[in-house]
Amino acid sequence: MTELAPVSVLLLALLGGVGAATRLVVDSLVNRRWRHGFPAATLLVNVTGSFLIGVLSATVATDHPDVFAVAATGFCGGYTTFSTAMVESVRLAREGAWRVAAWSAVGTLLLCVTAAAAGVLLGRALT
C-alpha cells in the first residue's frame, strides 16, 4: 500500500469516529431489546463489520487502495471491537458461564470469518 495523503489520514480519523459512534448506537439499540448474558450487540457489530470489510476488499481494495484504507481501517476499525468481544468472553467465564464464554469466543471468530468471506463473495458478484 502506498503512503496516505494527509486528507486521507484526516478522513480515516473522521470515519473512525463515525464507526465508533455507530457501534455505540447499534450496541444501545440491541441491548435495549436483548437483556440476556450473551453479548449479542458486540457479536452483531463484529459480524456486520467483518461482512462490510469483505465487501470493501472485493470492490475497492485493488483499484482504490486509499478508499479501502480509509473505509476499512477508519470506519470498520472504529465500528468493530474484537477486544471487547474477548473481554466479554472472559467476563462470562469469570461468572461461571464457561459454555457461553466458549461459544462467544469461538462463535465470534467463526461467524466473523464467515461474514468476511460472504462479503468478499458478494463484492465479487457486484463487480
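Q: Leaving aside its neighbours within four places in sequence, which residues is Ser50 in contact with?

A: Contact means heavy atoms within 4.5 Å. By that rule, Ser50 touches Thr80, Cys112, Ala115 and Ala116, once neighbours within four places in sequence are set aside. Before we go on, a word on the model: it is predicted, so local features need pLDDT of at least 70 and side-chain atom pairs count only at pLDDT 80 or more, while totals for chains, interfaces and linings use all residues. Residues are numbered from 1 along each chain as its sequence is written, and side-chain values use heavy atoms, with hydrogens and water left out.

Q: Okay! Is Ser50 buried or exposed?

A: Buried means under 20% relative accessible area, exposed means over 50%, and partly exposed is in between (1.4 Å probe, protein chains only). Ser50 has 14% relative accessibility, so it counts as buried. Over the chain, buried residues make up 33% of the 127 residues.

Q: How many helices and strands does the chain have?

A: Helices (H or I, at least four residues) and strands (E, at least two) are DSSP runs, numbered from the N terminus. Here you get 5 helices and 0 strands, so the order from the N terminus reads α-α-α-α-α. Ser50 sits in helix α2.

Q: How do I check the span of helix α5, and where does α5 bend?

A: For the expected span, take 1.5 Å times one less than the number of residues. Helix α5 (residues 98-126) has 29 residues and reaches 41 Å from its first C-alpha to its last, close to the 42 Å expected. For a bend, compare the axes fitted to the seven residues ending at a residue and the seven starting there; the bend is the angle between them. In α5 that gives about 25° at Gly107.

Q: What is Gly119 in contact with, leaving aside its neighbours within four places in sequence?

A: Gly119, in helix α5, is in contact with Phe51, Gly54 and Val55. Gly119 has a relative accessible area of 0%, so it is buried. Look at Ile53 too: Gly119 and Ile53 are 66 residues apart in sequence, yet 7.1 Å apart in space, C-alpha to C-alpha.
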